[in-house]
Amino acid sequence: MHPAPSIVLFTVLSGLGLGQMAWLSLGLGPDEGLFRWIACALALAVAGSGGLCSTGHLGRRDRAWRAFSQWRSSWLSREACLMVAAMAAFGLYAAIWCLGGVRLWGLGIVASVLAVATIYSTAMIYAQLKTVPRWSMTPTAWLFLAVGLTGGLLASGAVAGLIGGAVHGWWTALALVITIGVVIWWQTAAAGAVRSADGSTMETATGLGFMGRVRLFEAPHTGSNYLLKEMAYEVGRNRAFELRRIGAALGFLTPLVFSVAALLVGGWLMALALVAHVVGMLALRWLFFAEAEHVQALYYGRK
Amino acid sequence: MTTLPESTQRKLGLVIDLDICVGCHACAVSCKEWNTGGYGAPLADTDAYGADPVGAWLNRVHTFEVQPPPSPTGPAPAQIVHFPKSCLHCDDAPCVTVCPTGASYKRVEDGIVLVNEDHCMGCGLCAWACPYGAREMDPLAGVMKKCTLCVDRIYNENLPEEDRIPACVRSCPAGARHFGDLGDPDSDVSQLVTERGGFDLMPEQGTKPTNKYLPPRPRDAQLGGCGGGAVNLAELAEPEVKGFLGWLDKALERIG
Amino acid sequence: MWGIMADGSQPKLDTSPHVSDEIRKTTCYMCACRCGIDVHLRDGADGKRVVSYIEGNRDHPVNRGVLCAKGSAGIMQHYSPARLKKPLKRTGPRGSGQFQEIEWDEALEIATGWLDPIRRSDPSKLAFFTGRDQSQSLTSWWAQQYGTPNYAAHGGFCSVNMAAAGIYTLGGAFWEFGTPDWERTRLFMIFGVAEDHDSNPIKIGIGQLKTNGGKVIGVNPVRTGYNAVADEWVGITPGTDGLFILAMVHELLRTGHVDLDYLCRWTNAPYLVDRNPGASFGLFVRDGDGKPLVWDRASGQVQPFDKPGLKPALKGDFPSPDGGRAVPVFELMAEKYLAPEYTPDAVAERCGVTAATIKRLAAELADVAFNQAFEIELPWTDFRGEKHESFIGRPVSFHAMRGISAHSNGFQTCRALHVLQLLLGTVEAPGGFRFKPPYPKPVEAHPAPHSKSRPDSPLNGPHLGFPRSPDDLALREDGSPVRIDKAFTWDAPMSIHGMMHMVIANAHAGDPYKIDVLFIYMANMAWNSSMNTAGVIDMLTDKDDSGAYKIPKIIYSDAYSSEMVAYADLVLPDTTYLERHDCISMLDRPICEADAAADAIRWPVVEPATQAEGRDVRGFQSVLIDLGARLQLPSFVDEAGNPKYRDYADYIVNHERRPGVGPLAGWRGEDGEATGRGAVNPRQLERYIENGSFFQTHIPEEARFFKPFNAAYQDWAVKMGFFDKPQPYIFQIYVEPVRKFQLAAEGHGERQPPEHLRAQVKAAFDPLPVWWQPFEQAAVSGEEFPLHAITQRPAAMYHSWGTQNAWLRQIHGQNPLYVHGSVLEAHGLKDGDWAYLISHHGRIKVPVARMDALNPHTVWTWNAIGKREGAWALDPKAPEAQKGFLLNHLIHELLPPKGDGLRWSNSDPVTGQAAWYDLRVKIEKAEAGAEVSEPRIGRQKSPVGQGSGNVAHGEGWK
């Protein structure tokens, strides 16, 4: 699938912001003025800018508002609705906290649940697609949730660290370890989910398997088209390997080391951990799209 | 409304005969021609005279090469199958349910899957959800385009009755495309599907396509003589043939 | 178009939107098929008409409503940015594409200034050749009035073998001049056909035939298109079709599966052939009236072939009236083909078809022809006066085109196929191959070639015709060629379509003489319509010592900015096919069907000036008529010297070739009630337009089969004006005119071939079909050049016209070389790699792709996709110009030197047909580097700018 920058940024940033919201509204982080303001603003800004990025790939942005209408059937619509609800609930929670100094736990739980549900909806946009076997599996939702929540933890930790607060390094490290586990789980499942996970092959795609082995002789057009550009993206094996290594190192291993180191050296290291994580996640999310193969590409001979 | 109707009154669709499709692209171009001037935004082409021309098309003709396994008498020659592909107007259309704006819908009266282009925000998710590559984003209008089964032809009272069929069916020179109600088991198209063993594309995707494909008939060595059984000249040969010119006299006498 | 979602569920659609403001019916011109089209027009906001939609005309006899990809893409052709706008005068060097726009008056003055003086001194200084136009009846007439012997269309390059073999044997050829009886045929065998003339009718027919359970056998090295849907594919090795066919003939003869009754009655199988050594050896034995004689077994004596009630002998040695001996054609034929060299086992390896397959296919043909024969009960009378109760149907039919014809053995191969048809009794039989009027038409009803040119005078008759004997050759007293293309010389005696592909080479060499003006219409001679493209470009731009171009003046007319435009000195911009008058005439190549005579017109459904800014173009035929008047050509001016015709439309209506016979057969007579023959009807074009731009009249039922010998058909044909008196004839298995050329080579007669050609003529002019190895294959080493290389025309594109088309160029924007998997692997190649393809003449760099449904000794590509940078208003970076390629660069007009001091022509020795399918090549992997095809022919400046940006047709009315 085409790794459109808008979508890569959107999923990484909104996941991070929503993850941070989920933790903040559960009471995580020091209950002090500077932290309140910076952490809440960061969470809202990151999630919000992610949301804005998501409109970047729309053909008609002026009609984005219509995406709130189909929550009964569409995960994308649900995500849009939940995103707004989560941000509204968290915004209210944050306002009361920042201005009034009170953390309303009931409202917090609602905001947290909405934030987690939003991340889940985002995941389900991809996980629901039977047409993309690498996405269409249980670990995909866990992947988005684990990454989002861990990112949120890192973001809060970074804010706390910079203003000299407690950074929960061990908890963050634990979250990172769990996330690494989920990522490995997802990656293993994805590697196994070759396009034939559902049995789709060139033979089933064409129905000509009864005659023999099928290969593409001529594509319909000699040039490219939307389908090929959007859904038959090809990424080189070496490039993917490199990116995955960089993504894993920056996205998880560096933050893990820095989280533990932050306990010894200083909380400010958490900021570096967050930056590394975001960069690493952008690489991995790019790969999440770029490596995903769509069954329709079978009609173009992509096996 | 992007929930699918529980049932539709009719199931209009196409039956495509892979046995006689010669791969001439007539259907694809006439589709482009009708639809660029018809339903919704024009089907645009970008960089039309340049290095990378890319246009939106609702119907494309793929060509596959099939290598049959060797027959008892030796290796079987490879075969070429031309394969036109457009929206299959699935019963269980995943492209409809994923739509966040309600632009995609399946019509209750005839089962046609359509995009209300006034509501489409061009997110492209429906194209991702379709296993067949049947939906293409218009590069200029930014809305999703797809086969409408020529909904603006098949009921169009401004057209003569015989022309109220999709443009691709109207133009197909080989007669390889048939249009009708696949929900009615007695319709011509349903009969054709039954007789010829029409099949679904990617049944494992669970989309329950309306359009059906008729398989190529057996070819080459799988085939007997014209009209059935095998023939060979020895069998056909006149018993008295010894020398050809000797036979000639008798044969001429017989015709008088 | 949709309303508000009132109830929150489905949008309300307007399912009856407005379709168009007017439909105008005309004839398609996206290829040579000539389908009827309904052109939908809308009134634009600026009051100008826009072509909004084109579909097939349901009433039309050719396409019956359907339309191919090219036809539907006609809008993009019509609105192509490559359209020429105004006449152009060259300002830069030839080939640069630098021009100045001029007015029509100036353009026509220049043309007249060039053409008038040479007409007065030596009309042969003009060479006038046309491409794929459909107005040869007018262009040839014009050339005849001008007086130059140098006129032809591009048939000599295209498929003249098929035409010549068909006319000499059957009185009609495949092309679009006949058709399988699709309704009734059960077995259809198609040789060497990709997309071609008769594009939609073949698709309709194959679909119909297969739907009815009939069988299609495709004989072709490449399994695409029609061969892909064929029930059986015979992946023959190129150039061996003749051998394959004659092996089937051998099998049919060996087992006695031939239609003796048919052969006796309707072919010259019983004709007695003179066996007396001397100048008449091998000619027919004739009576005092010149009628060929047969041996009648009933009366025991010779009788004229057309006597009723004959029982002709097919074998035996009989006394001829002059005291010598004679044998029937059939015996000569049987002896020839029963020889061991024609057994399936003897030919199998060379053909790439197993002997078992050849035997089985012969058996299938016989099985269907004889065991599935049927009768149509309908009394009819033959030309001998014998009455028949029914027509015997033989449901086997054949079609073939350039795959068998564009070889140096193509004439005889096409002949072999016709003989096979005749042995099975299927020509003009129900279920078989049936002619479309005005065919069948014997050689005798065609003119012989004419070439006598005098200053300031018309030619002595039509240029092109059918030589009956060496007397008809276009040779001067000293034996040198009269024509610039050397047609009708001993190089190619039966070059009945001329040899357009030799014109530029000969004019450049000044051999046989220098010309002054080269005038070409609608033929991309500087690109895909020439062999040896780069060489031809050099000839067009080559200068003599004085710095003048060796071909002094070039006038070219085209509607689009093709490669050839850049090489012209004066360009006359033609209209698109929707802006012009044309007639698809029975004087030329009409649109008839087996059961009906039909012709058609084009008319301007939109006016050029309304279709783009600054567009000032004229239909070429009207321009030619204008030039004819300016040059004061007889037939183009009246007695006072004033123009006789206002324009082409006026000519179509008012011109009479013979009294009462004009370009159009429908609605003749002052009241429009006459058909075929009749006075001029001033309202004729209106009547055509009212009827959908075509006219059709059905052949009487009893006249529909066995047309050459059917008295009712002959009478009808006379009534229609095809002939002035009945011209019954029978089919020619043994072609006597061919034998006359062979006799000359054997040393008889006044005109004999020059010594160096004597052996070739003797071998090639066999009056019974023979096979020889294609010349290029014989001339190069099979080890060095192990592969055959051929091209096919894609169904969605027709020659170079399609590339400017915004829609079609997305389908075919570049062309790979298709190579069999085994060959790819042997050369370490894979899909998408680049390779060099090398012939004895040249080397090209091409991308390769795998194809296994291919004769393993053959490589191929789509025809004419490659473009010169800057042509056709395309971006010079267009894939057509960067990756597309032409095979033409590898093919030379001449064979490689044999070491005898002579350069032999790479063509069929009978007809001069360019043998572009004889090409032999080798393939080598190209080193990594730029993925750009070679050779690179520099860039031409586009006189019409570059088409740019996006297309969204339909925007204007939404």
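What we have here is a predicted model, so every value I give is computed from predicted coordinates.

Staying with α6(A), what do its buried residues pack against? They pack against α5 (138–162) and α9 (237–264) of chain A. The buried residues themselves are A:G169, A:T172, A:A173, A:A175, A:L176, A:T179, A:V183, A:W186 and A:A190.

Next, confidence. The model scores ipTM 0.96 and pTM 0.96. For chain C, the mean pLDDT is 95, and 99% of the residues reach 70 or more. The exception I want to flag is residues 1–7 of chain C, where pLDDT stays under 50. The model has 13 contacts beyond four places in sequence for that stretch. Where pLDDT is low, the predicted coordinates should not be read in detail.

Now chain B. It has an open sheet of three strands, in the order β10-β1-β11, with mixed pairing. The edges are β10 (177–181) and β11 (212–214) of chain B; each has a single partner strand, so one side of each is left without a neighbour in the sheet. From one strand to the next, the twist averages 25°. Strand β1(B), residues 12–17, runs parallel to β11(B), and three bridges join the two. One residue pair to look at is B:D17, whose bridge partner in β11(B) is B:L214. Helix α6 of chain B, residues 188–196, packs on this sheet and touches β1, β10 and β11 of chain B. The direction of α6(B) makes about 120° with that of β10(B).

Between chains B and C, 95 residues of chain C are in contact with 76 residues of chain B. By class, the chain C side of that contact has 44 nonpolar, 29 polar and 22 charged residues.

The order is β5-β4-β23-β22-β21-β6-β7, and the pairing is mixed. Which strands stand at the edges? They are β5 (99–101) and β7 (151–152) of chain C, each with a single partner strand, so one side of each is left without a neighbour in the sheet. Further in, β21(C), residues 517–521, and β22(C), residues 553–558, run parallel and are joined by five bridges. C:L518 has C:I554 as its bridge partner in β22(C). Helix α3 of chain C, residues 104–121, packs on the sheet, touching β6 (126–130), β21, β22 and β23 (570–573) of chain C. The direction of α3(C) makes about 120° with that of β23(C).

Is α7(C) mostly covered or mostly open? Mostly covered, with 11 of its 13 residues buried. Among the buried ones are two lysines, C:K203 and C:K210. The elements that cover the buried residues of α7(C) include β8 (178–180), β9 (187–191), β10 (215–219), α8 (225–229) and β19 (396–400) of chain C. Just after the helix, C:G213 takes a positive phi of about 90°.

Another glycine with positive phi sits in a hairpin. Strands β13(C), residues 293–296, and β14(C), residues 301–304, pair in the antiparallel sense over four bridges. C:L293 stands opposite C:P304 in β14(C). The hairpin has four residues between its strands, and C:G300 takes a positive phi near 70°.

Last item, strand β25 of chain C, residues 596–602. Six of its seven residues are buried, so β25(C) is largely enclosed by the rest of the structure. β25(C) pairs in the antiparallel sense with β24(C), residues 582–584, over three bridges. There, C:C583 has C:I601 as its bridge partner. β25(C) also pairs in the antiparallel sense with β26(C), residues 694–698, over five bridges, and C:A596 stands opposite C:H698 in β26(C).

Note on methods:
Residues are numbered from 1 along each chain as its sequence is written. Chains are lettered from A and ligands numbered from 1 in the order in which they are written. This is a predicted model: local features need pLDDT of at least 70, side-chain atom pairs count only at pLDDT 80 or more; totals for chains, interfaces and linings use all residues. Two strands pair if DSSP finds at least two bridges between them. Two residues are in contact if their C-beta atoms, placed from the backbone, lie within 7 Å. Ala, Val, Leu, Ile, Met, Phe, Trp, Tyr, Cys and Pro count as nonpolar, Asp, Glu, Lys and Arg as charged, and the others, Gly among them, as polar. pLDDT is the predictor's confidence in each residue, from 0 to 100. A residue is buried if 20 or more other C-beta atoms lie within 10 Å of its own, exposed if 12 or fewer, and partly exposed in between; C-beta atoms are placed from the backbone. Axes are lines fitted to C-alpha atoms, for helices over the stretch in contact, and angles run from 0 to 180 degrees between N-to-C directions.
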